[in-house]
Amino acid sequence: MKPVLEIKNLHVEVDDKEILKGVNLTIKGGEIHVIMGPNGTGKSTLSSAIMGNPKYHVIEGKILLNDENVIDMPVDERARKGLFLAMQYPSEVPGVTNSDFIRTAMQSKTGKSIPLYKFIMDFDKAIEKLQMRSDLPHRYLNDGFSGGEKKRNEILQMLMLKPTFAILDEIDSGLDVDALKIVGEAIDSLRSETFGCLLITHYQRILDYIKPDYVHVMMKGAIVKSGGMELIEKIDQEGYDWIKEELGIENERVVPEEAHKRPAMIGECATKKSLDL
Amino acid sequence: MRDQLMVHFKYDDHNIIDLRKKLIDEMKHQSLPKIGKIPFKYFNFDKLKVQYIKEDKVTELHQKILSKIDDLENIVVLKDGNIIYSNLDETFNKVKIMSYFEALENNDKEALSIFTKRFEQIDKDKLKTMNKAYQNSALLIKVPKNVVVKEALKLHIIGEKSDLFHHTTIYCETSSELTIVEKIDNLQPIQVNYMSDVYVSENAKVNYIGIDRLSEDANAYINRCGHVHDNGSLIYALGQLNDGNTISNNVIELLGKNAYCESRNVLFTDKDKVHAITVHVKHLSPYSKGTITNHGIVKDKGYLSVDGIGKIHQGMNHSNSSQQTNIVTLSPDATVNANPYLLIDEYDVFAGHGAGVGKVDEDQLYYLMSRGLKRTEAEKLIILGFLSPIIEMISSDRIKESFIKTIENKLSF
């Protein structure tokens, strides 16, 4: 049976502000969906809410993974059930090597111990596929990685963990043309009846390598338009204004753009500059 | 009292007995050192039971000791002042390793003069004076000029039948090199007053890894002191994993031009125990460089106090003193007191200091958990990663594994 991920009337709150205002989306195994939309319309909130980031509170609606509501599950349990989120800003974890981390994650997921030799073989193969540095297994997780390396590392983890549904949040930002091709082809190689993918992006360039089956546009915290490849071409040529016009939306943002605040960090002396005086 | 001492320290010379008596008299009007806000009442320094016990060397160690040793290669086991076991390969042929008892028996003039000299110096600090007055275990290690010892020397120091008043002297002569992995252990509930002095001569290099594994019922005062001369390098790594109350005082004197020291410490405090750690680097020469890195974990109702002190004395220009302390608290009941002091009496220097106390980073936890790791697994990985810069310094794989295992056991949630 094909796996199904259903998002039903999802309302999500962050810091007491409602960001998602009723998202409906169904992804089946074998399908690749793309969500596009201007900044600040709730795309990343959607991905974090599906994965189960504790900062995002679902106030209404359901997320069903093969008919099972995952809303009350913590993030790790959702991951073990087959959800995967390639993050826009992956954390750096100094001291934890990539190989220790991935192997532990794989063992947690399968509940079985993975022979070291087999693991190394598979890991090396995946590293080669993404054309990453061969010392990656011994490097600390994302520590000192360039933006592009971090993105590739997300895809590497996806190849190793073989999720049922992957959400890729702006996986293409910060990648140069060559890297885009490598990452795009790696994602496309996972295409199968048992794998579904939700791609969040601003650019249609990565779609040269991954042909999506469905395209959605998000505005004001909801999916306002869905279609196929033709939608992308039109957005690429004309932008989003025609959609706004068509739907009578004046401001597409969920929350108004806030004034840029620069917090004073620990380790930074309280200079005038850091305090914005 | 003299007669009493003669009964107690029956193997000593008369002049040593006299010195001990003098130290005990001195001690009476000395006060305990001031270390943060540490409540000394937990330590019970007044109730002592000190004995001199002689034991023969064995060819095979008793199971109760073996179970505490991770790596038998190139090891010296000192129990209640006696070298009861040693297994050293030819790399150590030129290195002199001798206990106080052995020096007495063999009437080794060189060793005895070093041991005796220590009794003659008077300290201001009551706990140090106590260590000398009641010393019942002492060891001398001497690496001669130009001797480079490639293998790490493992020292296992155990107290069983008596409170342990131990002192290790390590002399590394000009251009010599030595790595020591030292572990302090106890088999019975005892008090431990442990001191060591490392002398790093010109161009010498010493790596000193101290692992403290005393049990919950052993209160400890541990004082490690390094003295580094011109172009000498001392790398001090401390794994302070005692289950009991501990005062750990670490002092490094940079005495020569280009003297270099790194002090990297892992500190772990749990249950309701009090740990007071001081790391003090004294810049007593121009162009000296010292770095302090402390990584600590506090669990349960533990109380950890960490004082890092970088002191650059007047005239010690071009010295470089830096320190960083990071403590992770795993419980709301834990108490941490971290003070990164820089005391500078000279203009032309480099210095930096910082301290941070916090919980395990929630973003890192979320990231690891989003790949399927349970919270406890993720926490364990992050904490071991946090400690890794120090763990990596342990040169023996078996000791490293056991060190990690000890931390994992202490972490078990």
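Buried area is the accessible area (1.4 Å probe) that two parts lose on being put together, summed over both. This is a predicted model in which local features need pLDDT of at least 70 and side-chain atom pairs count only at pLDDT 80 or more, while totals for chains, interfaces and linings use all residues. Residues are numbered from 1 along each chain as its sequence is written, chains are lettered from A and ligands numbered from 1 in the order in which they are written, and side-chain values use heavy atoms, with hydrogens and water left out.

**View 1. The interface of chain A and chain B.** About 2,000 Å² is buried between the two chains, and carbon and sulfur atoms give 62% of this area. In contact (heavy atoms within 4.5 Å) are 31 residues of chain A and 18 residues of chain B.

**View 2. Salt bridge between A:Lys55 and B:Asp363.** The closest N and O atoms of this pair are 3.1 Å apart. Two salt bridges (a side-chain nitrogen of Lys or Arg within 4 Å of a carboxyl oxygen of Asp or Glu) are found across the interface of chain A and chain B.

**View 3. Surroundings of A:Asn142.** A:Asn142 is buried, with a relative accessible area of 0%; buried means under 20% relative accessible area (1.4 Å probe, protein chains only). Leaving aside neighbours within four places in sequence, the residues in contact with A:Asn142 include A:Pro90, A:Asn98, A:Lys150 and, from the other chain, B:Tyr367.

How values were computed: Buried < 20%, exposed > 50% of the residue type's maximum accessible area, 1.4 Å probe, protein only.
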